[in-house]
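Please read the following account with the sequence and the coordinates at hand. It goes from an aromatic cluster to a helix, then to several loop residues, and ends at the ligand.

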Amino acid sequence: MSKVLYIKANAKPEGESKTFRIADKFMEAYKKHHPQDEIVTLDLYKEDIHFLTVEDVMVHMSNEVEEKENPMKRYALQFKSADKYIFAEPMWNLGIPAILKAYIDYVSIPNITFKYSENGPIGLCQGKKALNITTSGGDYTEGMAAEWDLCDKYLKTIMGLFGIFDYTTIRASNLDVIGMDVEAIVNKAIEEAEELAKTF
Ligand SMILES: Cc1cc2nc3c(=O)[nH]c(=O)nc-3n(C[C@H](O)[C@H](O)[C@H](O)COP(=O)(O)O)c2cc1C
């Protein structure tokens with residue numbers, strides 16, 4: 001049995017977000033193919049997550065990993081306890097929505113999700129896997145625009161810091177480009193998601 005964290009980051013509610021349309025279909029198919037797994041959903045806009053305060057920064061630097069009462073450490077320990085991660089977020093201003101960055105700031109705690117060593121950081125979440133389901137108004141898959149993608153690229157990099165190198169992306173691009181068949185693009189991403197859900 002695997003524990004799956006479904007991490008949703010969008011201010012738009014269910015039914016209005018194209019990203020959630022794709023990701024929810026993935027989860028639906030995933031549950032069908034892995035009925036024994038435990039799924040924990042974190043809708044970040046409904047969680048008690050804020051920008052780091054000075055107190056939070058002190059927690060980040062302290063070595064008391066067992067302080068489960070502290071929200072940052074609670075989220076970090078929860079993150080570490082999972083086997084698989086499904087992220088769902090639109091690209092906002094070339095990056096991830098700030099609420100997702102705030103969540104990463106909570107879970108990125110030395111000696112929980114990674115540690116420092118003489119040879120640099122070592123990930124403490126090795127053997128786990130992540131899927132990022134993301135959408136964007138434009139296309140950042142090729143050429144110069146690929147350099148500008150700090151959304152998927154950032155998540156992939158920070159997962160690497162945690163030792164998670166089994167990382168897959170499903171993206172629906174060009175959703176705000178005039179003349180594009182948006183339904184067809186979203187449906188293609190849903191198909192891809194439902195197929196991956198069988199083996200993820
Ligand atoms: C605040 C904000 C910033 C955005 N920034 C970008 C961007 O930098 N690049 C881009 O291609 N699309 C950008 N978009 C467009 C969204 O990524 C796109 O519409 C996406 O499909 C929305 O997904 P959703 O329906 O799940 O919210 C932005 C949208 C918003 C609301």
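Which residues do ring pairs link into a cluster? They are Tyr75, Phe79, Tyr85, Tyr103, Tyr106 and Phe162. The model is predicted, so local features are reported only at pLDDT of at least 70 and side-chain atom pairs only at pLDDT 80 or more, while totals for chains, interfaces and linings use all residues. Residues are numbered from 1 along each chain as its sequence is written, and side-chain values use heavy atoms, with hydrogens and water left out.

Rings of Phe, Tyr and Trp (its six-membered ring) are paired here if their centres lie within 6.5 Å; planes under 30 degrees apart count as stacked, over 60 as edge-to-face and the rest as tilted. This rule gives 8 aromatic pairs. One of them joins Phe79 and Tyr85, which are stacked at 4.1 Å centre to centre with 15° between the planes. Buried means under 20% relative accessible area, exposed over 50%, and partly exposed in between, with a 1.4 Å probe and protein chains only. Phe79 counts as buried because its relative accessibility is 0%, and Tyr85 is buried because its value is also 0%.

Next comes helix 6, residues 152–161. Helices (H or I, at least four residues) and strands (E, at least two) are DSSP runs, numbered from the N terminus. Asp152, Leu155, Ile158, Met159 and Gly160 are the buried residues of helix 6. They pack against helix 3 (71–81), helix 4 (98–107), strand 3 (84–90), strand 6 (129–135) and strand 7 (166–172), where contact means heavy atoms within 4.5 Å.

Just after helix 6, Gly163 has a positive phi of about 90°. Gly163 sits in the loop between helix 6 and strand 7 and is buried because its relative accessible area is 6%. Leaving out residues up to four places away in sequence, Gly163 touches Gly123, Cys125, Gln126 and Gly127.

Asn93, in the loop between strand 3 and helix 4, has a phi of about 50°. Is Asn93 buried or exposed? Asn93 is exposed, because its relative accessible area is 81%. Asn174 lies in the loop between strand 7 and helix 7 and has a phi near 65°. Asn174 is buried, because its relative accessible area is 18%.

Ser173 is placed in the loop between strand 7 and helix 7 (182–199). With a relative accessibility of 13%, Ser173 counts as buried. Apart from neighbours within four places in sequence, Ser173 is in contact with Ser136, Gly138, Asp139, Thr141 and Ile185.

The ligand has 18 residues around it, of which Ser17, Thr19, Asn93, Gly138 and Asp176 come nearest; a residue is near if one of its heavy atoms lies within 4 Å. This shell divides into 6 nonpolar, 8 polar and 4 charged residues, where Ala, Val, Leu, Ile, Met, Phe, Trp, Tyr, Cys and Pro count as nonpolar, Asp, Glu, Lys and Arg as charged, and the others, Gly among them, as polar.

Oxygen atoms of the ligand lie 2.7 Å from a side-chain N or O atom of Ser17, 2.9 Å from a backbone N or O atom of Lys18 and 2.8 Å from a polar backbone atom of Leu94. On its own the ligand has 650 Å² of accessible area, and the protein covers 76% of that; accessible areas come from the Shrake-Rupley method with a 1.4 Å probe.

Terms used
A polar contact is a pair of N or O atoms within 3.5 Å; within protein, one must be able to donate a hydrogen and the other to accept it, and residues adjacent in sequence count only if both atoms are side-chain atoms.
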